[in-house]
Amino acid sequence: SAFYNNSINHLTIGSNVTTIGNEAFKDNPSLTNLTMNANIISPDINFDNIIDKYILTSLTIGGNNKTIPENFIKSGNLTTLNIGNSVTTIYDYAFYSNEISGNLIIPDSVTYIGFYAFKLNHISGNLIIPDSVTYIQSYAFENNRINHLTIGNSVTYIGDNAFASNEISGNLIIPDSVRNIGRNAFQINHIKHLTIGNSLTTIGSYAFYENKISGNLIIPDSV
């Protein structure tokens, strides 16, 4: 309880910190901005016991943190999120139902984006899924405001409703690496032109329902 019941508003935790005791930063009602460089974000550590994470509005995950746990900041108040270049896995519901807005940068260290990971936020602009990512699970980015989407060349699986109910427009390219597109994956967007890669085997029902696709569309022989 080292800093329990204070008025800290911006906290930076250095990379050499290895242990933080229970309630160390609890009951700091003004603590809205956290930069976490210590390598303590993992499924093995109950972050709820350290800080009142649901009042955070800005979070930077630095250091060598590799895993963002399930339900990490679920139904919170984050508006700004910066994910460090060591993160490889973003688990289910990690940032579900926050207020994250503007561009979200997924670093090229990330390989897996879990179920509902960023659903129900206000992410907008150009979302780039880097070439490192192989799986985008169901509902990962549903109900945001993404305007343009670039899918990396290593993605093999796009789950149900993964990008449904956004504002994706223009040309969408499904790279050759993608084998499965789930149900409703891109429904209710503004996609105008669609290019499908040559490895795709499955297109789920209503995958591109209610878009604005026009012109030539080629369904590859692999489907």
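Let's start with Asp52, which counts as partly exposed at 26% relative accessibility. Its partner in a salt bridge is Lys26, and the closest N and O atoms of the two are 3.0 Å apart. This pair ties together distant parts of the chain: Lys26 sits in the loop between β1 and β2, Asp52 in the loop between β2 and β3, and 26 residues separate them. Is Lys26 buried or exposed? Lys26 counts as buried, with a relative accessibility of 19%, because the cut-off for buried is under 20%. Keep in mind that this is a predicted model.

Another one joins Asp48 and Lys53, whose closest N and O atoms are 3.1 Å apart. Here Asp48 is partly exposed at 30% relative accessibility, while Lys53 is buried at 4%.

Asp160 and Arg183 also meet through their side chains in a salt bridge, at 3.0 Å from N to O. That one links distant parts of the chain too: Asp160 belongs to the loop between β12 (157-158) and β13, Arg183 to the loop between β14 and β15, and they are 23 residues apart. Asp160 is buried at 16% relative accessibility, whereas Arg183 is partly exposed at 47%.

## Strands side by side

Now for some strands. β1 and β2 run parallel and are joined by 4 bridges, with Leu11 standing opposite Leu34 in β2.

In soluble globular proteins, nonpolar side chains tend to be buried together. In this model, the largest nonpolar core has 61 residues, and Phe95, Phe118, Ile129 and Phe141 are among those with the most contacts inside it. Elements giving two or more residues to this core include β1, β2, β9 and β11.

Take Phe141 as an example. Leaving aside neighbours within four places in sequence, Phe141 is in contact with residues including Leu104, Phe118, Leu127, Ile129, Ile146 and Phe163.

## A nonpolar patch on the surface

Some nonpolar residues show up on the outside. Ile203, Ile213, Leu217, Ile219 and Val223 form a surface patch, and together they have about 370 Å² of accessible area. Ile203 is in strand β16 (residues 202-203) and is partly exposed, with a relative accessible area of 31%. Ile219 lies in the segment after β16 and is also partly exposed, at 44% relative accessibility. From C-alpha to C-alpha, Ile219 and Asn9 are 54 Å apart in space, and 210 residues apart in sequence.

## Two asparagines with positive phi

Most residues other than glycine have a negative phi. Asn5, in the segment before β1 (10-13), has a positive phi near 60 degrees. Asn184 has a positive phi of about 60 degrees too. Asn184 is found in the loop between β14 (180-181) and β15 (190-196), where it is buried with a relative accessible area of 19%.

Conventions:
Residues are numbered from 1 along each chain as its sequence is written. This is a predicted model: local features need pLDDT of at least 70, side-chain atom pairs count only at pLDDT 80 or more; totals for chains, interfaces and linings use all residues. Side-chain values use heavy atoms; hydrogens and water are left out. Patches are made of residues with over 30% relative accessible area and no salt bridge: like charges are joined within 9 Å, nonpolar side chains (Val, Leu, Ile, Met, Phe, Trp, Tyr) within 5 Å. Accessible areas come from the Shrake-Rupley method with a 1.4 Å probe; for residues, only the protein chains shown count as cover. A salt bridge is a side-chain nitrogen of Lys or Arg within 4 Å of a carboxyl oxygen of Asp or Glu. Buried means under 20% relative accessible area, exposed over 50%, partly exposed in between (1.4 Å probe, protein chains only). A nonpolar core is a set of buried Ala, Val, Leu, Ile, Met, Phe, Trp, Tyr and Cys residues joined through side-chain atoms within 4.5 Å. Contact means heavy atoms within 4.5 Å. Two strands pair if DSSP finds at least two bridges between them.
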